[in-house]
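Keep the sequence and the 3D view open as you read.

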Amino acid sequence: MPRQRAADAPRIVHRTSRIALRTTSAQRRRCFGLLRSGGDVWATVLDFNEIRRRNGATLVVTYQGLCRELAVAGAGCFGELSSVGARSILRRYADAWMSAAKRRGAGDTRARYPRRKKALVPSRYYAGTFSLNGRHLTLPTARGAAPLLLRLTRDVPYEPSTVRAVTLVADGHRLSVDVTAEVPVDWYAVGTGPDPEQSAGVDLGIIHLYALADQEGALLVSGRALRAESRLHLAESKARSRAATRRAPSRGQRGSRRWRRYRARTKVLEARHQRRLKQARHEAARAVVDYALERRIGTLVVGDPRGLLRRNAGVRQNRAISEWGVGQLISSLTDKAEVAGIAVVLVDERGSSSTCPRCAGPVPKPKGRSFSCPACHLNAHRDIVGAANIASRSPRGGIVIDPAGLATMHRRAGQHLPGRTRRDPRRVAMGNRARSKGLWPAVARPFAVPQDADGESLALDIDPSAARNRIPSLIQGEGNW
Ligand SMILES: [Zn+2]
């Protein structure tokens, strides 16, 4: 819950970043203990209300009411979990219950009250209950237990005084903390900041994650590295599952040790794949916001395709759409734009790639990347045409953009993605690691990026035509997106 602020205080937003923990095995055990105790608190609340429901008693669903019940239960019920941590789980339950009630009240019958037990539930600690000094974090624990000292793997990207909460989470096998801070919205000298009158259209896609068009130019952010990452991940997981199927246990049987190890490794690889895609989407959104700031664009009109994606499009297309992560593309763009003082308006993107922006006539769906109108002979890039059409649909007054001959800037997302090999190119090679420990003289090369004979980076060197041959459905996406 955000704290009270003075009415004339500068505008702030809350932002959270996930930072992995570097733990000893004892710390790791204690962290998982806290998460399991969180799961116990969650399960206890569910059971408590289930019993009350069966007895015809009123449910206890408010945060204050649940806290009173927790106080009655007394200390020491939930292992090392402090009362602050336990109360944060009560808050999570109360919030989930209230939002379900609100949605059901509004007629949404799909909204469910919290009812599923979970093994691990994150606990949250608000400012004043934990201490954060550089990379050293101390979490409170139950009375009688030593406080939990933890080390972060990187610096917190916020001013220390603005950090409002930390949440202990398990991300697959990885322990992390989500650090939430109050981030001030960027402030500009008069005449230098984004101008709300200046708008641009943004088309979301798989080939180009973002295509932006304004009256003076266009920006295309390539999603090629993400597609390569998805393709390699798919090939790798298929090969692994082929190798492991004969070890699969039959129904009701406990799997062999090798099988369980395979399953655990699969989870790790899947989580890594998702992290890599997520990071690349953040980079892409950053490129769009930087471009908008440079051009003083104050309104981004974004075509929202999510309404069109509900239908079942077949195994391959469904997979491509879920790997695309359009929800995250929209949310990370909105978050970054908000901090920069840029407004984001979502509009329906239906038909934006099959309408001519110049003569407004219908155009047969283009096969490749180039759009050409049979009526007025407009030739332009398909995604920029989409962005131009979206810009014209802004509820705050659309603008007319002629997409022919716009100066186009190209950016890539996912500079960290490995491309040809599965190894993260940012990872320090063994030799360099030894150097950094002083075993060899230091060499000023922070990242070992694979290079060819001419010193060109191989990190993203995937032949686009070859990729096109292998995954036609991903490249020549059918449907309206
Ligand atoms: Zn036309």
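A crossing of two helices is left-handed if the near helix is turned anticlockwise from the far one by less than a right angle, and right-handed if clockwise. Helices (H or I, at least four residues) and strands (E, at least two) are DSSP runs, numbered from the N terminus. With those terms in hand, look at helix 5 and helix 7: their crossing is right-handed.

What you see is a predicted model, where local features need pLDDT of at least 70, side-chain atom pairs count only at pLDDT 80 or more, and totals for chains, interfaces and linings use all residues. Residues are numbered from 1 along each chain as its sequence is written.

Start with the whole. The protein has 11 helices and 15 strands. Of its 481 residues, 28% are buried. A residue is buried if 20 or more other C-beta atoms lie within 10 Å of its own, exposed if 12 or fewer, and partly exposed in between, with C-beta atoms placed from the backbone. Two residues are in contact if their C-beta atoms, placed from the backbone, lie within 7 Å. Among contacts with a separation of 6 or more, 70% join residues 24 or more positions apart.

Now turn to the sheets. Strands of a sheet pair through backbone hydrogen bonds, either parallel or antiparallel. Two strands count as paired if DSSP finds at least two bridges between them.

Axes here are lines fitted to C-alpha atoms, for helices over the stretch in contact, and angles run from 0 to 180 degrees between N-to-C directions.

Follow strand 7 (residues 174–184) through this sheet. Strand 1 (residues 12–22) pairs with strand 7 in the antiparallel sense over 9 bridges. There, R15 has A181 as its bridge partner. Strand 6 (residues 163–171) also runs antiparallel to strand 7, joined by 8 bridges. A170 has L175 of strand 7 as its bridge partner. Strand 6 and strand 7 form a hairpin with 2 residues between them, and G172 in the turn has a positive phi of about 70°. V166 stands opposite V179 in strand 7.

Angles under 35 degrees count as roughly parallel, over 145 as roughly antiparallel, 65 to 115 as roughly perpendicular and the rest as oblique. In helix 1, L34, G38, V41, W42 and V45 meet G85, A86, I89, L90 and Y93 of helix 3. This contact of helix 1 with helix 3 has 8 nonpolar, 2 polar and no charged residues. Ala, Val, Leu, Ile, Met, Phe, Trp, Tyr, Cys and Pro count as nonpolar, Asp, Glu, Lys and Arg as charged, and the others, Gly among them, as polar.

Between strand 7 and strand 8, a loop holds T192. Is T192 buried or exposed? T192 is exposed, with 9 other C-beta atoms within 10 Å. The C-alpha atoms of T192 and R295 are separated by 9.8 Å, although these residues are 103 apart along the chain.

Another open sheet has 6 strands in the order 12-11-8-9-10-15, with mixed pairing. Strand 12 (343–348) and strand 15 (407–412) are at the edges, each with a single partner strand, so one side of each has no neighbour in the sheet. The twist averages 25° from one strand to the next. Strand 11 (residues 297–304) pairs with strand 12 in the parallel sense over 6 bridges. D304 stands opposite D348 in strand 12. Helix 7 (residues 326–340) packs on this sheet and touches strand 8 (195–204), strand 9 (208–213), strand 11 and strand 12.

Helix 5 (residues 257–294) and helix 7 pack at an angle of about 40°, with axes 9 Å apart. That makes helix 5 oblique to helix 7.
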